[in-house]
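I am opening a notebook on this structure. These are my entries, in the order I looked things up.

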Amino acid sequence: ITGVESTSCAWASDASILVYLGSYDPVQPGDTIGLQPDVLGRKGGEKFAGAMEVVAQAPSTPIVPVPVLSGEVRVSPCSGISIDSSLSYGSGARSFAYEWTVIGCGGAASPVACANGLDTTDNLSEAITEHNDLVSTTFALSGDVLFTGETYEIAVTLTNVFGESATSDVVSVFVDNETIPSVEIAGSTSKTAYTHSELSLQATGSVSTCDGTVISSALDYTWS
């Protein structure tokens with residue numbers, strides 16, 4: 001198939017053929033796929049001179065996105081906020097469309113800037129809009145658009161190739177007044193485990209200071 005890589009064909013029977021388009025090919029539901037003339041024919045027989053077109057259909061029961069967010073829930077004023085959605089699944093082997101929302105600064109919903117003012121060239125509204133225009137699994141807000149002592153509630157709505165959408169649980173991040181160690185447990189805020197299986201959690205932490213120095217070897221971890 002012209003313009004589509006990693007495709008393969010296989011005979012399902014003497015009269016029908018299956019075409020596998022590959023997981024990451026740029027074919028979307030509703031796209032027209034054209035078969036060139038003098039290429040397809042009966043198994044072991046003559047090839048047809050005429051071309052053929054088929055329309056790619058979405059599955060009758062499309063998969064639904066499952067958003068999974070991870071990130072620090074308490075950050076230093078100089079470190080900013082970083083929320084990762086790379087563990088989300090249900091994209092249909094294509095990129096998600098992202099719509100991030102942030103509520104902060106005394107409860108003012110985005111994209112309204114905080115009432116006490118932000119830098120007009122680099123404010124919270126512009127940062128959110130910029131991220132929504134990107135195809136990125138990470139949402140980041142630098143410290144210069146945040147206010148200490150505030151809690152920011154962050155969520156994302158993911159839409160997959162089939163037009164199915166789902167919104168994540170809210171991640172609440174508190175911006176502390178002091179420089180504190182950063183720690184993050186990989187994965188979502190809730191996990192399911194069975195009595196016969198082991199529950200394994202992985203945490204990463206670092207001591208980050210405003211001068212850019214990052215130290216991760218001098219931390220003690222206490223689980224509760």
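**Entry: a first pairing.** I started with two strands, β5 and β7 (residues 81-84). They run antiparallel and are joined by two bridges. I looked for a partner of G71 and found I83, in β7. I noted at once that I am reading a predicted model.

**Entry: the sheet around it.** I followed the pairing further. β7 also pairs with β10, again in the antiparallel sense, and here I count four bridges. Together the strands form an open sheet of three, in the order β5-β7-β10, with antiparallel pairing. β5 (70-71) and β10 (138-141) are the edge strands; each has a single partner, so one side of each has no neighbour in the sheet.

**Entry: D84.** I picked D84, a residue of strand β7. Across the pairing, D84 stands opposite T138 in β10. The side chains of D84 and T138 make a polar contact at 3.4 Å. The side chain of D84 makes another polar contact with the side chain of S86, at 2.6 Å. I then set aside neighbours within four places in sequence and listed what D84 touches: V68, L69, S70, T137 and T138.

**Entry: salt bridges.** How many salt bridges are there? I count one salt bridge. D176 forms a salt bridge with R74, and their closest N and O atoms are 2.6 Å apart. D176 is buried, with a relative accessible area of 8%. R74 is partly exposed, at 45%.

**Entry: T151.** I moved to strand β11 (residues 151-159), where T151 lies. T151 is partly exposed, because its relative accessible area is 38%. I checked T151 against V175. They are 24 residues apart in sequence, and their C-alpha atoms are 6.3 Å apart in space.

**Entry: a surface patch.** Which residues make the nonpolar surface patch? I list V183, I185, L199, L201, Y221 and W223, with a patch area of about 590 Å². W223 lies in the segment after β16 (214-215). W223 is partly exposed, with a relative accessible area of 48%.

**Entry: the whole chain.** I ended with totals. The protein chain has one helix and 16 strands. The chain has 224 residues, and 28% of them count as buried. I then took contacts between residues at least 6 apart in sequence; 55% of these join residues at least 24 apart. The accessible surface of the chain is about 13900 Å², and carbon and sulfur atoms account for 52% of that surface.

Note on methods. Residues numbered from 1 in each chain as written. Predicted model: local features only at pLDDT ≥ 70, side-chain atom pairs only at ≥ 80, totals over all residues. Heavy atoms only, no water. Patch = residues over 30% accessible without salt bridge, like charges linked within 9 Å, V, L, I, M, F, W, Y side chains within 5 Å. Areas by Shrake-Rupley, 256 points an atom, 1.4 Å probe, with all protein chains shown as cover. Salt bridge = Lys/Arg side-chain N within 4 Å of Asp/Glu carboxyl O. Buried < 20%, exposed > 50% of the residue type's maximum accessible area, 1.4 Å probe, protein only. Contact = heavy atoms within 4.5 Å. Pairing = 2+ DSSP bridges. Polar contact = N/O pair within 3.5 Å; in protein donor to acceptor, adjacent residues only side chain to side chain.
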